[in-house]
Amino acid sequence: HPVKDLLGRRILVTAGPTREPLDPVRFLSNRSSGKMGYAVARMARYRGASVVLVSGPTWLEPPAGVEVVRVETAEQMQAACHQWLPEVDAVVMAAAVADFRAVSPSEAKIKREADGAPGGGDAAGGRRLLLELVAVPDILASLAQRRRPGQVLVGFAAETGRLEDLAREKLRRKGVDLIVANDVTRPGAGFESETNAAILLGADGTRTEVPLVAKESLADRILDWVAARLAGPARD
Ligand code: PMT
């Protein structure tokens with residue numbers, strides 16, 4: 001990268017989905033591939049930062065020179081983020097955290113047939129199973145509560161409608177400096193694709209639209225904002 005404007009900075013990036021177990025062989029998760037977060041980690045490294053990448057399960061090759069911490073559940077991701085928070089100048093939270101987990105995951109594999117009951121049954125007559133879910137902690141909001149002055153916090157907002165309204169609400173509610181709002185229903189944007197489009201909404205009132213570009217390019221635009229903010233006067 002031509003500009004080493006993050007030299008001497010340490011950045012924590014999260015990427016990928018989390019998995020919340022239902023039983024020993026099944027989990028709740030989402031479509032995140034990790035590409036967006038890995039792109040942020042790679043570009044931050046190119047720009048000179050030392051990077052810690054807290055990653056949910058993905059098949060992606062970790063970027064060279066980046067320290068990778070592998071996690072599975074939201075709880076593990078939260079623990080890893082809090083462990084690293086005191087060490088970093090900025091956090092970019094691109095992970096798609098599963099919002100809910102099972103209240104009590106089964107210790108044994110859940111069976112399709114109830115014990116002793118005959119198998120089979122048509123669609124209408126099949127055995128029903130209710131899963132009780134509970135919301136997992138909001139990792140980003142918990143980081144915002146514990147951050148020290150001067151640390152820059154960036155979140156994403158994955159929306160399926162009313163993009164800017166809902167993203168502004170998240171900016172306020174989570175107490176972060178920047179929200180990267182992406183409409184995940186837009187073709188070529190959001191989950192799994194190589195490209196993404198976003199509106200960058202700053203708590204300082206800045207608003208930047210990034211058209212559909214490679215995830216690396218969007219990552220660079222996010223890092224431009226972070227670099228400018230880190231270079232600015234210390235905040236209280
Ligand atoms: O991984 P890819 O396939 O490349 O896809 C990229 C992406 C669509 C996953 C990415 O661009 C994106 O939008 N990531 C955030 C996904 C998400 O969980 O958004 P949200 O609107 O539900 O959450 C808002 C913010 O709070 C996010 O920064 C999220 O990481 C964070 N969060 C959410 C829930 C939770 N329990 N704790 C959190 O910290």
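# Close-up views of a predicted model

**View 1. The buried residues of helix H3.** Ile139, Leu140 and Leu143 of H3 are buried, where buried means that 20 or more other C-beta atoms lie within 10 Å of a residue's own, exposed means 12 or fewer, and partly exposed lies in between, with C-beta atoms placed from the backbone. These three residues span an arc of only 95° around the axis, which puts them on the same side of H3; the arc is that of the directions from the helix axis to the C-beta atoms. The buried residues of H3 pack against H2, strand E6 (90-93), E9 and H4. Helices (H or I, at least four residues) and strands (E, at least two) are DSSP runs, numbered from the N terminus. Residues are numbered from 1 along each chain as its sequence is written. The model is predicted: local features need pLDDT of at least 70 and side-chain atom pairs count only at pLDDT 80 or more, while totals for chains, interfaces and linings use all residues.

**View 2. Helix H2 beside helix H3.** The axes of H2 (residues 74-84) and H3 (residues 139-146) come within 10 Å and cross at roughly 20°. H2 is therefore roughly parallel to H3. Axes are lines fitted to C-alpha atoms, for helices over the stretch in contact, and angles run from 0 to 180 degrees between N-to-C directions. Angles under 35 degrees count as roughly parallel, over 145 as roughly antiparallel, 65 to 115 as roughly perpendicular and the rest as oblique. H2 passes H3 in a right-handed crossing; a crossing is right-handed if the near helix is turned clockwise from the far one by less than a right angle, and left-handed if anticlockwise. Ala74, Met77, Gln78, Cys81 and His82 of H2 make the contact with Ile139, Ser142, Leu143 and Arg146 of H3. Two residues are in contact if their C-beta atoms, placed from the backbone, lie within 7 Å. By class, the contact of H2 with H3 has 5 nonpolar, 3 polar and 1 charged residues. Ala, Val, Leu, Ile, Met, Phe, Trp, Tyr, Cys and Pro count as nonpolar, Asp, Glu, Lys and Arg as charged, and the others, Gly among them, as polar.

**View 3. The buried residues of helix H2.** In H2, the buried residues are Ala74, Met77, Gln78 and Cys81. They cover an arc of only 100° around the axis, which puts them on the same side of H2. Strand E1 (10-15), strand E2 (20-23), strand E4 (50-55), strand E7 (100-102) and H3 are the elements against which the buried residues of H2 pack.

View 4. Glu72 lies in the loop between strand E5 (67-70) and H2. Glu72 is partly exposed, with 17 other C-beta atoms within 10 Å. Leaving aside neighbours within four places in sequence, Glu72 is in contact with Thr18, Arg19, Gly56 and Pro57. Pro21 is 51 residues from Glu72 along the chain, and their C-alpha atoms are separated by 9.4 Å.

**View 5. Helices H1 and H5.** H1 (residues 35-46) and H5 (residues 215-231) pack at an angle of about 60°, with their axes 8 Å apart. The two helices, H1 and H5, are therefore oblique to each other. Their crossing is right-handed. On H1 the contact is made by Lys35, Met36, Ala39, Val40, Arg42, Met43 and Ala44, and on H5 by Lys215, Glu216, Ala219, Asp220, Ile222 and Leu223. The residues of this contact of H1 with H5 divide into 8 nonpolar, no polar and 5 charged.

**View 6. Ala167 in helix H4.** Ala167 is placed in H4 (residues 163-174) and counts as buried, with 23 C-beta neighbours inside 10 Å. Apart from neighbours within four places in sequence, Ala167 is in contact with Ala157, Glu159, Ile179, Ala181, Ile199 and Leu201. Ala167 and Leu200 are 33 residues apart in sequence, and 9.4 Å apart from C-alpha to C-alpha.

**View 7. Two loop residues with positive phi.** Most residues other than glycine have a negative phi. Arg162 is not a glycine, yet has a positive phi of about 45°. Arg162 lies in the loop between strand E9 (152-159) and H4, and is exposed, with 11 other C-beta atoms within 10 Å. Glu192 has a positive phi near 70°. The loop that holds Glu192 is between strand E10 (178-183) and strand E11 (195-202), and Glu192 is exposed, with 11 other C-beta atoms within 10 Å.
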